[in-house]
Amino acid sequence: MKRFALYLALILLCGSILFALDEPGELAPTLLDATLPDSLNGDLNSKSHLDSLFYAADSIRAYYDSEEIYLYSNTSIDYQNSHIQADSLYINLKREQARTWGTTLLRDGDQLLIGKNVLYDVGSQTGIIAEGLSYIENGFYQGTEIRKTGARTYDIDGGSFTTCDHEEPSYWFWAQKMRIYQRDKVVGKHVVAYVNHLPVFYFPFITMSIKRGRERGFLIPSPGYNSADGKYVKDIAYYIPYKDLADFTLGLDLMEKTGWKSHFDTNYIKRYSHAGAFNASYQKNIYRGGKNFDWSLKGSHHQDLPEKSALDLNVDFISNKRIYQGSGDINESLAQWLNSSFSYRKPLGSTYLNAAATYNQDLINNTASLSLPSLSWSLPSRPVYELFSGNSNAWYSGISYSFNTRLDHTGNLRHKHPTFQDYIWQNTLNPADSTQFLVEHHLGMKHNLGLSNSYNYRGWLNLRQSVSYGEAWYDRDKEDNKWVRGNDYSASLNGNFNLYGIRNFQRGPVSSLRHVLSPNLGISYVPDFEDNKDYYSFGGISLRQGKKQANLSLGMDQKWQLKLDKAHNDRKLNEFFSLSSRISANLLEERKRFSNLSHQLNFRPGAFDLGSIQHNDFNLEGLKLDYNSSLGLNQKTYGINWQDLAIESQYFSQSLALSGAAGYRDYFPAPKNRSFSGFGDAYAR
C-alpha cells in the first residue's frame, strides 16, 4: 500500500483534488492512480498489467487509514468496462466494494442497469440492485431485485422481460424467477405471457436465446389475441443455423379456440450455385361440432448449372383451403389457385431449350390442371447470309429466318378423387353426361417456321415482307381420329415512312415546334382454315381456324413536339400533342369492306414544378402538377358526308395529378421507453 499512499500524498500536495470540497456545486474530478493493477484482488504490486480507476463528484471525502472514499452529489466511477452514476457513492478499496444511495445508473460492459441502493463487489464482480431495470441485447428486464451472481450472470426475482420499446409495452413475459446469461440466453421459471395486461399463456419453464447473430436456440414467442383464435402464442420455435449456408426453424403455434399448428421452415443459399426456401406445416383445426387435420407444403429452389443453364422448382400444395383460415398473409387468405412448377433452361449456341411442368389447383371448384411435360426449342430470328457466304453486304442480307417447336401434354382433372392414372394419361367420361370428360388429357406438337425480308427503299421507305408456316401433330382430334396433323400459313407486307416539319420561333416560351407525320400500310393474307376446327387447342398447341382473309390496314400517326426556351431549362415535350387514325378492310368481302374509322387524340403537356410549401411544422417539397387528357372516337365509314361526321361512339378521359413529398408525422405516437436515455450512445447501440 506504500505506492498508493505515496501517490495519494502527491495528489494532496498538488491541489486538494481528492479531499472534501464542501461547497455544493463545486466540481472535483478525481483520478486515482493511473497505474493501479488490472485487478484489486490480492497484492496491489503483484500485477504487471496496469489499469485505471476514475471517479468524480461535487464533494469527495477520502480516508487514508481505512482506505475509504465517499462521493456526494453527481457522482460517477469508471473502472475497466464498468461505469456507475448515483446520488451518493461509497468505495472501500481494502474490501474492493462499492455502495450507492438513491437512483443509480450502472453500465457493466454492454449491460445497462437502473435501480436504487446498489451493493457491488469488485473482486468477485457480483452485486445487488433494488427495484432494478436492465437493458441488454435490445430487451428490457426489471424486477424487485437484480443480483449479479457471476461475470456474465444475473438473477431477477419477480422479473419481467419484453423486446417492445414502448413506455407501456404491448406485451411482456413475467417470471417468478429469471436468470440472464449475458450474450447467451434468458431462463425463466413459472412464466406468464401478457398482452396488453391480459395473461394469455403459462409456461412452467422457458428459455430464450439472446445471442447476437445466427445462434442456435429458442426464439422469443409472439403472444397475442384476436376474435378468431382467442388468446394465442405463436412462434414457439427452435432455431438452428448451418454455417453461412442455411437456417432451420421448428416451431409451434398454440391457439385457445382453434387448436394448434406445427411448422418447419428453412432458407438456404450458396453463392453462384443454388438458393431456396421450404415450409411444411401440420395443424389441428377445432370448430363447432368437430376437428380437422390439415397440412401444407410450400417451397422454391433455384439452381445455377454449367454452361449458363438453370433449374427452377416451385411447390405449393395443401390438403384443404381451411388451413389458410386466420392466416395473416392476405395472399393466402384470398388464394383461389395454387401453382407448382418445374422449369429447366439451357442455351444451345444461339438457340434455347426449355423444359417445364406445371400443376394448378383450383381451390374454389376443387379441380386441377397440369402440363407434364412441356418442351420447347426456339431459334430466334437470324439472317440467312450466316448460312451461306457470311457476307452481310449480300443482296439477300435483309432476309431472316426463325424456327421454334413445342411439345405439350396437358390434363384437366374435374374428378373429386383422381387416381394416379388420372394424373398421367387416363381419360374419363362423365357418367351423367357422355359429352363431357371428368378427366381429359391432350398431347400435341407444333412447329413454326418464319421467313422475313426487311429493306429500306431510297433511304425513306421502310418495307417488310414475311411468310409463316405452322404444323401441328395431335394424339387425336374431335372426331376421335388418332395421331392426326394439321397446318396453317400466312403472308404479309408492311410499309411506312416519316415526314418531318420544323418551325423555329425567336420570341415566346416555345423555341421550336416539330411535326412528325407517319403513314403506314399493311396487307396480310390467310387462306381458308375452317377444317382446323376439328383440332383441339391446348397449352401452346393451336392452329388458325377461320375463313380465308385478305386484310388491308391503313394508319396515320401524327406527333407535335415542343422545345421550350432557356428560361424553361431547354425542356422538351416529345409528345405534347398526338393524333392517330386507323382503318382496316377485308378485301374479300363483296360489300362494305372497310371497317369503322377510329381516332385517338392525346394531349400531354407533362408535369409543372410548383416549388415547395412551408407553414410552421408543415413542409411539402417537390410539388408537381401533371395533366393528361385523351379523346377517342369512331366514325361510320359509309355514313360520313359533309353534313354528318357519322360519329358512332366516343369517350373522353383526363387526369390531373398533384404530387409532392411530405415528412411523415405520427400525431398519436406511443411514447418510447427512455429510461436508459441517460446512457447516451451506449443505449443507442
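This is a predicted model: local features need pLDDT of at least 70, side-chain atom pairs count only at pLDDT 80 or more; totals for chains, interfaces and linings use all residues.

Residues are numbered from 1 along each chain as its sequence is written, and side-chain values use heavy atoms, with hydrogens and water left out.

**Stop 1**

Select residues 230-242, strand β16, together with residues 246-255, strand β17. Helices (H or I, at least four residues) and strands (E, at least two) are DSSP runs, numbered from the N terminus. The two strands run antiparallel and are joined by nine bridges; strands count as paired if DSSP finds at least two bridges between them. β16 and β17 make a hairpin with three residues between them, and K243 in that turn has a positive phi of about 50°.

Now pick A246 in β17: Y242 stands opposite A246, and the bridge partner of A246 in β18 is Y268.

**Stop 2: the charged network**

Select E145, R147, D157 and K177, which are linked in a network of salt bridges. A salt bridge here is a side-chain nitrogen of Lys or Arg within 4 Å of a carboxyl oxygen of Asp or Glu. The structure holds 19 salt bridges.

Show the distance between R147 and D157: their side chains meet in a salt bridge at 2.8 Å, N to O. R147 lies in strand β9 (residues 139-150) and D157 in strand β10 (residues 153-162), so the pair ties together parts that are 10 residues apart in sequence.

Colour by relative accessible area (1.4 Å probe, protein chains only), where buried means under 20%, exposed over 50%, and partly exposed in between. R147 is partly exposed at 22%, D157 is partly exposed at 21%, and K177 is partly exposed at 48%.

**Stop 3: E575 and K559**

Select E575 and K559, which form a salt bridge with the closest N and O atoms 3.7 Å apart. E575 is in strand β33 (residues 572-586) and K559 in strand β32, 16 residues apart. E575 is partly exposed at 33%, and so is K559 at 34%.

**Stop 4: Q561**

Stay in β32 (residues 549-564) and select Q561. Is Q561 buried or exposed? Q561 is buried, with a relative accessible area of 15%. The side chains of Q561 and R514 are joined by a polar contact of 2.7 Å. A polar contact is a pair of N or O atoms within 3.5 Å; within protein, one must be able to donate a hydrogen and the other to accept it, and residues adjacent in sequence count only if both atoms are side-chain atoms. Not counting residues up to four places away in sequence, Q561 touches S512, L513, R514, V516, L573 and N574, contact meaning heavy atoms within 4.5 Å.

**Stop 5: F603**

Last, select F603 in strand β34 (residues 597-615). F603 is partly exposed, at 27% relative accessibility. Leaving aside neighbours within four places in sequence, F603 is in contact with F576, F577, Y627, N628 and S629.
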